Amino acid sequence: MRISRNAAGTLFVAGALTLTLTALVYPSMLGVQKVSSAPSRVIATTSSGPLTEADRDFVVKVRAAGLWEFPSGELALKKGTTPAVRTAGQHLVNGHVNLDTTCRKVAAQLGITLPNQPSPQQQGFVQTLTADSGKKFDEDLANILRVTHGQIFPAIANIRATTKNTLVRQLADQANDTVLDHITVLEQTGLVDFDQVLFQETTPPKLPGSDMTPPAPQPGEPTVILSPPAGFTPPPSATPSAQPTLG
């Protein structure tokens, strides 16, 4: 099984969600309107340790990941044609409800403004899955999300190894557990084309910053809360969330 031509096109054009530590132009309550070329630059001193540009960008991107992977999980619950795909949807929904709760708390502690919408490239993924049906939906879900999660993994390890901020470190721990859980259930669908996934992971397209940047919330805009659908039962094997100490 190979990724469909449409899905592969989406991956090339929209790109994969990457929690890279490169600079991201994003407004924050810290008053930083443009990041420098040094992700290690300290932009704030907090009670949990120094906050760097890379730390701030990581928190923003964790939030953006949930804003597209959560609705993808909801689609899997509704449209998945196999129990394994629907199970993957359960894990996506459950994992991002928990991770987003932590992310919002951490952001509030650190004074970081979070987006309410994913980036244009991430919105493209959701649009593709929304238009899909049947087996094509199953295949695209498994492969698109396996690519993006595979790209996230090393970036999380990098921020976990380099940050001096306790809250960012704890968020990275939970993100790592969540991503590993999602990779596992996506592979258990039996639909992942590992040759294509490896190719996509190692040759990400070069996109303009505007395609990879979540839009900033409007002044006074209420924060979007990721809430599981009515009657949702968390999967029993889901990775427990590691809650940071926020006091």
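Mentor: Residues 238-242 need care: their pLDDT stays under 50. Here pLDDT is the predictor's confidence in each residue, from 0 to 100. The model still has ten contacts beyond four places in sequence for residues 238-242; a contact means heavy atoms within 4.5 Å. Residues 1-36 also stay under 50 in pLDDT. For residues 1-36 the model has 115 contacts beyond four places in sequence. Where pLDDT is low, predicted coordinates should not be read in detail.

This is a predicted model, in which local features need pLDDT of at least 70 and side-chain atom pairs count only at pLDDT 80 or more, while totals for chains, interfaces and linings use all residues. Numbering starts from 1 along each chain as its sequence is written, and side-chain values use heavy atoms, with hydrogens and water left out. The mean pLDDT of the protein chain is 85. Of its residues, 81% reach 70 or more.

Now the layout. The protein chain has eight helices and two strands. These are DSSP runs numbered from the N terminus: helices are H or I with at least four residues, strands are E with at least two. From the N terminus on, the order is α-β-β-α-α-α-α-α-α-α. The chain has 247 residues, and buried ones make up 53%. Buried means under 20% relative accessible area, exposed means over 50%, and partly exposed lies in between (1.4 Å probe, protein chains only). Take the contacts between residues at least 6 apart in sequence: 82% of them join residues at least 24 apart.

Next, the interior. In soluble globular proteins, nonpolar side chains tend to be buried together. A nonpolar core is a set of buried Ala, Val, Leu, Ile, Met, Phe, Trp, Tyr and Cys residues, joined through side-chain atoms within 4.5 Å. The largest one here has 25 residues. Phe58, Val59 and Ile112 have the most contacts inside this core. The elements giving two or more residues to it are β1 (42-46), α2 (53-79), α3, α5 (134-162) and α6. Helix α6 gives the most, with seven residues.

Look at Val59. Setting aside neighbours within four places in sequence, Val59 is in contact with Cys103, Val106, Ala107, Ile112, Leu114, Val168 and Leu171. Ile112 sits in the loop between α3 and α4 (120-131). Ile112 counts as buried because its relative accessibility is 3%. Ile112 and Val60 are 52 residues apart in sequence, yet their C-alpha atoms are 7.8 Å apart.

A further core of 20 residues lies apart from the largest one. Its members include Leu141, Ile144, Leu186 and Val192.

Helix α3 (residues 83-110) packs with helix α6 (residues 166-187) at about 170°, with axes 10 Å apart. Axes are lines fitted to C-alpha atoms, for helices over the stretch in contact, and angles run from 0 to 180 degrees between N-to-C directions. The angle makes α3 roughly antiparallel to α6; the label applies over 145 degrees, with under 35 roughly parallel, 65 to 115 roughly perpendicular and the rest oblique. Among the α3 residues that meet α6 are Leu92, Leu99, Cys103 and Val106. On the α6 side, Val168, Leu171 and Val185 are among the partners. The contact has twelve nonpolar, nine polar and one charged residues. For these classes, Ala, Val, Leu, Ile, Met, Phe, Trp, Tyr, Cys and Pro are nonpolar, Asp, Glu, Lys and Arg are charged, and the others, Gly among them, are polar.

Three more residues are worth a look. Phe70 is in helix α2 and, at 6% relative accessibility, is buried. Beyond four places in sequence, Phe70 touches Val93, His96, Val97, Leu226, Ser227 and Pro228. Asp138 is in helix α5. Asp138 is buried too, at 1% relative accessibility. Beyond four places in sequence, its contacts include Lys79, Val85 and Leu191. Thr87 is in helix α3 and is partly exposed, at 30% relative accessibility. The C-alpha atoms of Thr87 and Leu186 are 8.9 Å apart, across 99 residues of sequence.
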